[in-house]
Amino acid sequence: NDYEASIKVASTVEAYPKYKENRPGLPQPIRLAIPQAQKLTESVGMKTIMMEQEEADDIIGTLTKKCIMSNDEIQVKIMSPDKDFYQLIGPKVSILRPRSFHDKSPNSLEVIRGKLVPHVRLDETWFALEYDGIEPQCFVDVLTLLGDKSDNIPGINRVGKVRAKYLVKEFGTIEALMEAWGDGEKRDNFPSYLPKELHFQKDMILLSKQLVALDCELDIPYDLNDLTLEPEM
């Protein structure tokens, strides 16, 4: 469950007090269901990892990196509608986005524990088509430019998905974009839609990138072997 029931990271909130300020608290029905869900998953042999002061997304990111770095032929599938996980997509990692009523993507069915589950599979091929050949690890830069209303991350005015993709393809990273913008001679060659006061937003833009990037270096006290399915007898 990647619903962030964990406590906000204190250092992040200190750096940007508005982080997730608009997000409502955990609904009471979900809060009450968490212990029962934990019992259910453990009864079928699935481990539950809960860490205070850490984001659920970062826990998932760290476990994903452990799988990628292992010598095993592990295929990681992350079931989540959260686009933050796009930055993890790779040869061994795909996202299974649950289909919603308004989802216009082609249907996909996969057998999970003996049952057909409808979802949209987002892999390297999908990402290359959706983001015009940008590498998944650069999605952090795309998301920084776009901002994220759910987390109260501002982004850059007048920059939508198409423009964000263009800028990342053109400059590679936010840091490279800001460095080029700082060169007064080159500034006249920039797209006219970029706000002229962009250099005043540099610190906020770089902080936004820090906020949207997953921390995949958490100290999780589990080895991958500890997470093997072992149904209770």
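G155 lies in the loop that joins α5 to α6 (161-171). The model examined here is a predicted one. G155 is buried, because its relative accessible area of 14% falls under the 20% limit. The points below begin with this glycine and then turn to the neighbouring loop, a helix pair, the strands, the cysteines and the chain as a whole.

- Apart from neighbours within four places in sequence, G155 is in contact with T144, L145, L146 and G147.
- G155 and V142 are 13 residues apart along the chain, and their C-alpha atoms are separated by 9.5 Å.

**The loop between α4 and α5**

- Y131 is located in the loop between α4 (124-130) and α5.
- With a relative accessible area of 6%, Y131 is buried.
- When neighbours within four places in sequence are set aside, the contacts of Y131 are Y86, W126, F139, V142, K161 and K165.
- One of these contacts, V142, is 11 residues from Y131 in sequence, with a C-alpha to C-alpha distance of 9.3 Å.
- D132 also has its place in the loop between α4 and α5.
- D132 counts as partly exposed because its relative accessibility is 39%, a value between the limits of 20% and 50%.
- Although D132 is not a glycine, its phi is positive, at about 55°.

**The pair of helices α5 and α7**

- Two packed helices are described by the angle between their axes and by the distance between those axes.
- For helix α5 (residues 139-146) and helix α7 (residues 174-181), the axes come within 9 Å and cross at roughly 60°.
- On the α5 side the contact involves D141, T144 and L145, which meet I174, E175 and L177 of α7.
- By type, the residues of this contact divide into 3 nonpolar, 1 polar and 2 charged.
- T144 and L145 of α5, which take part in the contact with α7, are also among the residues in contact with G155.

- Strand β1 (residues 76-79) has V76 and I78 on a covered face, while K77 and M79 are on an uncovered one.
- β1 pairs with strand β2 (residues 93-98) in the parallel sense, over 4 bridges.
- I78, on the covered face of β1, has I95 in β2 as its bridge partner.

**Cysteines**

- C67 counts as buried, because its relative accessibility is 13%.
- C216 is likewise buried, with a relative accessible area of 18%.
- A search of the whole structure for disulfides finds 0.

**The chain as a whole**

- The secondary structure of the protein chain comes to 9 helices and 4 strands.
- Along the sequence, these elements follow the pattern α-α-α-β-β-β-β-α-α-α-α-α-α.
- The protein chain has 233 residues, of which 38% count as buried.
- Among contacts in the protein chain with a separation of 6 or more, 62% are between residues 24 or more positions apart.

Note on methods: Residues numbered from 1 in each chain as written. Predicted model: local features only at pLDDT ≥ 70, side-chain atom pairs only at ≥ 80, totals over all residues. Heavy atoms only, no water. Buried < 20%, exposed > 50% of the residue type's maximum accessible area, 1.4 Å probe, protein only. Helix = DSSP H or I, 4+ residues; strand = E, 2+ residues; numbered from the N terminus. Pairing = 2+ DSSP bridges. Disulfide = S-S within 2.5 Å. Axes fitted to C-alpha atoms, helices over the stretch in contact; angles between N-to-C directions. Contact = heavy atoms within 4.5 Å. Nonpolar A, V, L, I, M, F, W, Y, C, P; charged D, E, K, R; others polar.
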